[in-house]
Amino acid sequence: MQAQTRKGNIGQSPSAGVHVKPFSSGELRIDVIALSAARFRFDWRGRSASRTPGAELQPWLTDVIAEACDTRAAIEMHFEALEYVNSSTVAVLVDFVRAACTRTVPLALSYSADVRWQRLTFHALKVFSVDHHHVTVAPIAVVGSVGPVIRLFPREDASSDPEG
């Protein structure tokens with residue numbers, strides 16, 4: 001199955017009638033939600049088990065970074081509903097995070113704190129948030145559970161924040 005991709009328009013205002021197409025390849029689907037003209041959410045669903053996920057996923061993610069950079073949009077990647085990801089896909093994600101770091105695109109990755117493989121995978125990706133203040137990797141509690149509020153994009157005035 002060929003991946004469905006989109007070219008451009010990710011940073012356009014949702015009110016302008018521009019629709020960002022989701023990514024779909026095999027059992028992997030990435031839904032796109034325009035939270036505002038400057039903030040986009042990508043919900044990863046299904047399974048990514050392709051031996052060569054970069055062939056289809058890498059160009060799409062490269063477009064996402066380029067458009068976010070051009071429009072100064074922030075990106076939220078949500079992996080909570082992802083059932084499985086192989087190491088080849090993790091390598092593509094690492095390249096994506098590196099590209100966001102290089103281009104200083106605000107990026108937040110969230111994952112399910114209740115899923116062991118997600119905890120292990122994304123804990124390793126937290127290394128990027130140490131040296132790059134615009135990258136956040138944070139667990140999210142299961143829907144319906146009571147847990148702490150996670151700020152995916154910390155406020156600019158963190159020095160006045162009592163939680164620091």
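Trainee: How many aromatic pairs does a search of the whole structure find?

Mentor: The search of the whole structure finds 5 aromatic pairs. Rings of Phe, Tyr and Trp (its six-membered ring) pair if their centres lie within 6.5 Å; planes under 30 degrees apart count as stacked, over 60 as edge-to-face and the rest as tilted. One of the pairs is Phe23 with Trp60, whose ring centres are 5.5 Å apart and whose planes stand at 50°, so the pair is tilted.

Trainee: Where in the chain do Phe23 and Trp60 lie?

Mentor: Phe23 is in strand S1 and Trp60 in helix H1, 37 residues apart, so the pair links distant parts of the chain. Helices (H or I, at least four residues) and strands (E, at least two) are DSSP runs, numbered from the N terminus. Both Phe23 and Trp60 are buried; buried means under 20% relative accessible area, exposed over 50%, and partly exposed in between (1.4 Å probe, protein chains only).

Trainee: And Trp44 with Phe79, how far apart are their ring centres?

Mentor: The centres of those two rings are 4.8 Å apart and the planes are at 40°, so this pair is tilted. Trp44 belongs to strand S3, while Phe79 sits in the loop between S4 and strand S5 (82-85), 35 residues apart. Trp44 is buried, at a relative accessible area of 1%, and Phe79 counts as buried at 1%. Ring pairs also link Trp44, Phe79, Tyr111 and Phe122 into a cluster.

Trainee: Before we continue, what kind of model is this?

Mentor: This is a predicted model, in which local features need pLDDT of at least 70 and side-chain atom pairs count only at pLDDT 80 or more, while totals for chains, interfaces and linings use all residues. Residues are numbered from 1 along each chain as its sequence is written, and side-chain values use heavy atoms, with hydrogens and water left out.

Trainee: Fine. What is the overall order of elements?

Mentor: The protein chain has 4 helices and 7 strands. From the N terminus on, they run β-β-β-α-β-β-α-β-α-α-β. Of the 164 residues, 40% count as buried.

Trainee: Back to H1, then. How many residues does it have?

Mentor: Helix H1 (residues 54-71) has 18 residues and reaches 24 Å from its first C-alpha to its last, close to the 26 Å expected at 1.5 Å a residue. That expected span is 1.5 Å times one less than the number of residues. Just after H1, Arg72 takes a positive phi of about 60°.

Trainee: Which residues of H1 are buried?

Mentor: Among them are Leu57, Trp60, Leu61, Val64 and Ala68. An α-helix has 3.6 residues a turn, so residues three or four places apart point the same way. The cover over the buried residues of H1 includes strand S2 (28-36), strand S3 (39-48) and helix H2 (87-102). Thr62, also in H1, counts as partly exposed at 43% relative accessibility.

Trainee: Which residues touch the most other members of the largest nonpolar core?

Mentor: In that core of 35 residues, they are Phe42, Trp44, Leu57, Trp60, Ile75, Met77 and Phe96. H2 gives the most to this core, with 7 residues. A nonpolar core is a set of buried Ala, Val, Leu, Ile, Met, Phe, Trp, Tyr and Cys residues joined through side-chain atoms within 4.5 Å.

Trainee: Last topic: how many disulfides are found?

Mentor: The search of the whole structure finds 0 disulfides, a disulfide being a pair of cysteine sulfur atoms within 2.5 Å. Cys69 is partly exposed at 25% relative accessible area, whereas Cys101 is buried at 7%.

Conventions: Contact = heavy atoms within 4.5 Å.
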